[in-house]
Amino acid sequence: MNPNAAKAALGIRGNNMQRIIFIVFVFGLMSGVGCRTAKKAQHVVRDSAVSSSPAVKLKSADSAAVLKQQLMSVANAPLNFNTFYGRAKASFSSPQAAGNATVYIKMLKDSIIWISITGPLNIEGARVLVTPDSIKVINKLENTVQLSSIDHLQKITKLPLGFSDFQNIILGKAVLNGNNNYQVKKDSITVSDSDEVLRSVYSFTKNGFLLGQSNYETISSSDVTGANIFYNDYHVIDNFNFSASRDIAVSGKSPASLTLNFKDYNFNQPLSFVFTISKNYRVKYE
């Protein structure tokens, strides 16, 4: 099938396949996962875990301090996993492109993030392999492969994040510390942090400390880029809280929106990470 026919089959309008790949990778795979201390029956949070309730005054400073400490303990608990697999239906839209796809994700902790983007006719459009120091993207619609350092991902996303940051994002893990700003509301807790380049805001439920929303925004560049992510439909699987549905909005000069609904997912199962580059593909270095 020629590239134009393949794009039509994938439902893609426009030629910016790279933009789609990175939207899906950086924002679409954020999986709202949290570690559990013990197994419990499956439960589902159907609506967003973020509350718009105004902040309420606690009975004592001690109660706020205890809540803060409990949240930090849950959020910063190590994630005890070796591998992750997920299959999700994706719907994306931007000024450059729009369409639907199936996204397959495999991850080996601290080592590999593998992604395949496949169209409705089971046509694979792209495959991505990320390691702590590199990123490789096979664009099967253009018969090209792009080889880059992990720093190139920062240029594409306009966000100063490395491999460990992306791994935490994919797992829905927000690393908190005592210097963050904590705001307790009626049924949620908002935690914000910022440095010279990035502002981050997370919202958790008070019941179970589920991550309901995360927001990232660059603050050091005139080209301000932000991402707002809502996590929904939580399930317990292998002692992890997993968000099976999420909505993502990317703002800035290249706005985009993405909805992901996971249909299949598991942890700690044997996986392979096939990434074969055809000798007929044109290689690009970034």
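How many bridges pair E4 and strand E5 (residues 124-131), and in which sense, parallel or antiparallel? They pair over six bridges, in the antiparallel sense. Two strands count as paired if DSSP finds at least two bridges between them. Strands themselves (E, at least two residues) and helices (H or I, at least four) are DSSP runs, numbered from the N terminus.

This is a predicted model, in which local features need pLDDT of at least 70 and side-chain atom pairs count only at pLDDT 80 or more, while totals for chains, interfaces and linings use all residues. Residues are numbered from 1 along each chain as its sequence is written, and side-chain values use heavy atoms, with hydrogens and water left out.

## The whole protein

The secondary structure comes to five helices and 15 strands. The protein has 286 residues, and 50% of them are buried. Buried means under 20% relative accessible area, exposed means over 50%, and partly exposed lies in between (1.4 Å probe, protein chains only). Contact means heavy atoms within 4.5 Å. Take the contacts between residues at least 6 apart in sequence: 58% of these join residues at least 24 apart.

Strand E4 covers residues 112-118, and seven of its seven residues are buried. In a regular strand, side chains alternate between the two faces of the sheet. In E4, Ile112, Trp114, Ser116 and Thr118 point one way. Ile113, Ile115 and Ile117 point the other way.

E4 also pairs with strand E3 (residues 98-108), antiparallel, through seven bridges. Thr118 of E4 stands opposite Thr102. In E5, the bridge partner of Thr118 is Glu124.

| Hairpin | Residues between strands | Residue with positive phi | Phi |
|---|---|---|---|
| E3 and E4 | three residues | Asp110 | near 65° |
| E4 and E5 | five residues | Asn122 | about 65° |
| E6 and E7 | four residues | Asn143 | near 55° |

Strand E6 (residues 134-139) holds Ser134. Why does Ser134 count as buried? Its relative accessible area is 17%, and the cut-off for buried is under 20%. Leaving out residues up to four places away in sequence, Ser134 touches Leu129, Ser148, Ser149 and Ile150. Ser134 and Ile112 are 22 residues apart in sequence. In space, their C-alpha atoms are 10.0 Å apart.

E6 pairs with strand E7 (residues 144-149) over six antiparallel bridges. Lys136 stands opposite Leu147 in E7. E7 also joins strand E15 (residues 282-285), and here the two run parallel, with four bridges. One of the residue pairs is Thr144 with its bridge partner Arg282 in E15.

## The nonpolar cores

In soluble globular proteins, nonpolar side chains tend to be buried together. A nonpolar core is a set of buried Ala, Val, Leu, Ile, Met, Phe, Trp, Tyr and Cys residues joined through side-chain atoms within 4.5 Å.

The largest nonpolar core has 58 residues. Leu71, Phe84, Leu176, Phe204, Phe242, Phe262 and Phe267 touch the most other members. Strand E14 (residues 256-267) gives the most to this core, with six residues. What does Leu71 touch, not counting residues up to four places away in sequence? The contacts are Leu176, Tyr182, Ile189, Val191, Phe204 and Phe209. Another core, of seven residues, lies apart from it; Trp114, Leu129, Val145 and Tyr281 are among its members.

Six of the eight residues of H5 are buried. They are Phe163, Phe166, Gln167, Asn168, Ile169 and Ile170. Gly172 follows H5 and has a positive phi, near 65°.

H5 (163-170) gives two or more residues to the lining of the second largest pocket, and so do strands E9 (188-194) and E10 (198-205). E9 gives the most, with four residues. The lining has 21 residues, and Asp165, Val175, Leu198, Ser200 and Tyr202 lie nearest the pocket's centre. By class, eleven lining residues are nonpolar, six are polar and four are charged. Here Ala, Val, Leu, Ile, Met, Phe, Trp, Tyr, Cys and Pro count as nonpolar, Asp, Glu, Lys and Arg as charged, and the others, Gly among them, as polar.

A pocket is found on a 1 Å grid over the protein atoms alone: it is an open set of points where a 1.4 Å probe fits, with protein on both sides within 12 Å along at least five of seven lines, and lining residues have an atom within 4 Å of a point. About 410 Å³ of space lies in this second largest pocket. That volume is the space filled by probe spheres set on the points, which are joined across faces, edges and corners.
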